[in-house]
Amino acid sequence: MARRSLKASTIGIEKAKRAFKVREWTQEYLASEVGLETRQSIWKFFTGKPIERQNFMEICFQLGLDWQDIAQLPDQRLLTENNQTWENCQDVESLVQMLRSRRSDKIQSQCATTRLLDIPQPIQLEEIYVETNILNNITSRRWLDILDLQESILEKFDCFDFNQLYQERVSAIQAVITYSKLMVLGKPGSGKTTFLKYIAIQCNKGKLLSDRIPIFIRLRNFAEDARETGSYSLLSYISQELADCGASDQEIQTLLVDGKMLVMLDGLDEIPEDDNYQIISKIAIFTEKYYKNQFIITCRIGYQQYRFEEFSDVEIADFDSSQIEAFVRSWFINVSNNSLEKGKDLTCQFVQKLQLLENKQIRELAVRPLLLNLVCCVFQGRSDFPVRKVELYKQGLDILLNRWDKVSNIKRNEIYLRLSLPQNFELLSQIAAITFKQGHYFFTQSNLQQYIKEYLYNLPIDQTEQTESEVLQLNTEVVLKWLETHGLLIEQARGIYSFSHIVFQEYLTAKNIVSSPNSQILEKKLIELVSHLTEPRWHKIFLLTAGMLDNPTCLLQFMQQEIDQLVAFDKQLQKFLNWVNHKSLSVQSTHKRVAIRAFYLTLELLDNLNLTNDLPFSLGIDLRLTSSLTPDLALDIALQCALQLSIALPYEPSLDRVLALSFALPDDRTLACNSELQSSLQKLKEQLPTPVQGREKLKEWWNANGQIWANELRLVIVRCRNIGHQWQFSEQHKEILKQYYTANQLLVACLNSTCKITPTVIESILATLLLPTPKRLMTYSSI
């Protein structure tokens, strides 16, 4: 084993002094370059006294000297210690394989497992790892116009993944093979450490870079050791790693010079601020001197303050759908300890439900492994996603702002801590509310810094325990960098920012409303919110606000008043709503009366507004409609379907469509209680051409008689069932009805999104839902 201390020979001291004099340094300066807190070791070095081996080598390195020319080395002992292992190795490659073998257990111990948030035990890394992709072009360095970005989100409102929209993804493994010096950037929880550990394991197993010796260093741990020992030398740190495996100094130098190392430095952003400059400078010097080796450094996006020469910067891409499915499958089988069969079944359910429209916000969060793990934890308990998603979004924000650093034991710059966690939430909520109200999903850095500056200026002095001047000294750039480092804000192009997920902007906008300091301000904000009732992009804000409010009654009542105002003063629309009410009262059903009104409102607007069949509106009010429809409802929906087919036929008459129309008409058993309707429909059926007449005859018949037949069908349905009316709505009426219909759907969704409302309030709202204005004064005993 290598000796623990060295001292300079008489000749060596003279050489060192000459080199020191040429540089015109002081001993204090040399000590700082070596990474020592005092010059005591420097003084001992120049006076020929023994000092710690690593410090001796680093001093020689800084002076541009070969330490072996300076040290006093007993020849026989040196030969014995330094060449014992070397004699058994025929060449450098044999030495590499020997040290790989000796270090194998340590690399496995460092990298074979990983921890997931809220999972009590370590997980085998290869059981959860998903193939990583990277972006060659760093998102924040793109030259894009803010108007182009804004148009992208407006054109594709449900998609906020600009990595997919603008950049091609490539394999991260391929990047490791291609680039000898790689800086891997990524958002918090994007899988940087997991990827680096995977590379280490693959190298350790000989599946990747098998001619290199893997060295895995957590830079946070390196910084802690450096403070304890007083040495920030990366060379000394790596030398000690290899010396522990029996490598001599000569062997280590040979390996480094020949480029036989794979040095992986994890967490550049986790280095404490006080150690940042020294460690970064040591890394830069080391990577430049030993340039033949392979280096991979990981760092959070937004934190990188230094660009390492000759390093290629890449960014970890968000998960695509196939990666999400692969992660979820591994999670349900290997992490939650389900059986293989149950794990596959849960994966199938997860993936299917994730594609549903109501889960698109969850789908947005699932592109990041850290948040996908949270979603899996939530899904595991009930085999479904929560209907009320407010708590899920809250947990996601808390993980990024607070918990992830806390469980990882990462200590950030003290200046970041001058804003408390609640203040950071408040600041983000204020930014979200301002930008969302403006319709801006992207905002310039200058605007963003202005919002931060205004918030800091208005902070209560007694709350921060600072003088006003100290508050104003808080650097807006530093606060912005903190928010970016934690993955809440992302620089989507040079000087252009957005929230990392649009759902966070929406959640924080709602949070800004419900966090109002008093009831008067809250009421004012709720009234302002309701003014956006007919704007689709605000609908999620309504749902989130209803889910957050301790008592959402006021909001729901404001919404209902605004909805009624849409149609209150239009005679034709009031006439239409009178018909809806009258029709709902004419049918026999055990379902809630308001659900029947919703059923017929939807049914009638299918024809007049070209809506899709939207039975979920009724189901949101009365889930019993899912299992069975009463005879009246079943008959009317069948007739409406037949009417829709007859209307579509003139545009594309075909034998299949005529057959479908014939089958769509209710059968005799369904019509047994309505002889007039039965007789009329039978006559209409007999008029339809038969399949044996062929396609040409069918087209000929339909072109001559189809419109008349369809009109007769409508007349029969109107006369016998009082549905299928042609209301002759104007374009303005149609627009108002669409707004009315969608707003009522939203109101019902808000009712279902909160558990903080009494049954009495729910009944009072539903009792007057979808009624004409005069009828709103009445309350039905059966809702």
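Student: Which aromatic cluster do F286, Y290 and F295 belong to?
Tutor: In this predicted model, F286, Y290 and F295 form one aromatic cluster together with F308 and F311.

Student: And how many aromatic pairs does the structure hold?
Tutor: The structure holds 26 aromatic pairs, and one of them joins W727 and F729, whose rings are stacked with 6.1 Å from centre to centre and 10° between the planes.

Student: Are W727 and F729 buried or exposed?
Tutor: W727 is buried, and F729 is buried as well.

Student: What about charges over rings, say R23?
Tutor: The charged end of R23 sits over the ring of W25, at 5.7 Å from the centre of that ring, while R537 lies over the face of F436, with 4.4 Å to the ring centre.

Student: Switching to strands: what is the order in the open sheet of three strands?
Tutor: The order is β12-β14-β13, and the pairing in this open sheet is antiparallel. Because β12 (443–444) and β13 (489–493) stand at the edges, each has a single partner strand, and one side of each is left without a neighbour in the sheet.

Student: What holds strands of a sheet together, in general?
Tutor: Strands of a sheet pair through backbone hydrogen bonds, in either a parallel or an antiparallel arrangement.

Student: Back to β12, then: how many bridges does β12 have with β14?
Tutor: β12 pairs with β14, which spans residues 496–499, over two bridges in the antiparallel sense.

Student: And which residue of β14 stands opposite T444?
Tutor: That is I496, which stands in β14 opposite T444.

Note on methods. Residues numbered from 1 in each chain as written. Predicted model: local features only at pLDDT ≥ 70, side-chain atom pairs only at ≥ 80, totals over all residues. Heavy atoms only, no water. Pairing = 2+ DSSP bridges. Helix = DSSP H or I, 4+ residues; strand = E, 2+ residues; numbered from the N terminus. Phe/Tyr/Trp six-rings, centres within 6.5 Å; stacked < 30°, edge-to-face > 60°. Buried < 20%, exposed > 50% of the residue type's maximum accessible area, 1.4 Å probe, protein only. Lys NZ or Arg CZ within 6 Å of the ring centre and 35° of its normal.
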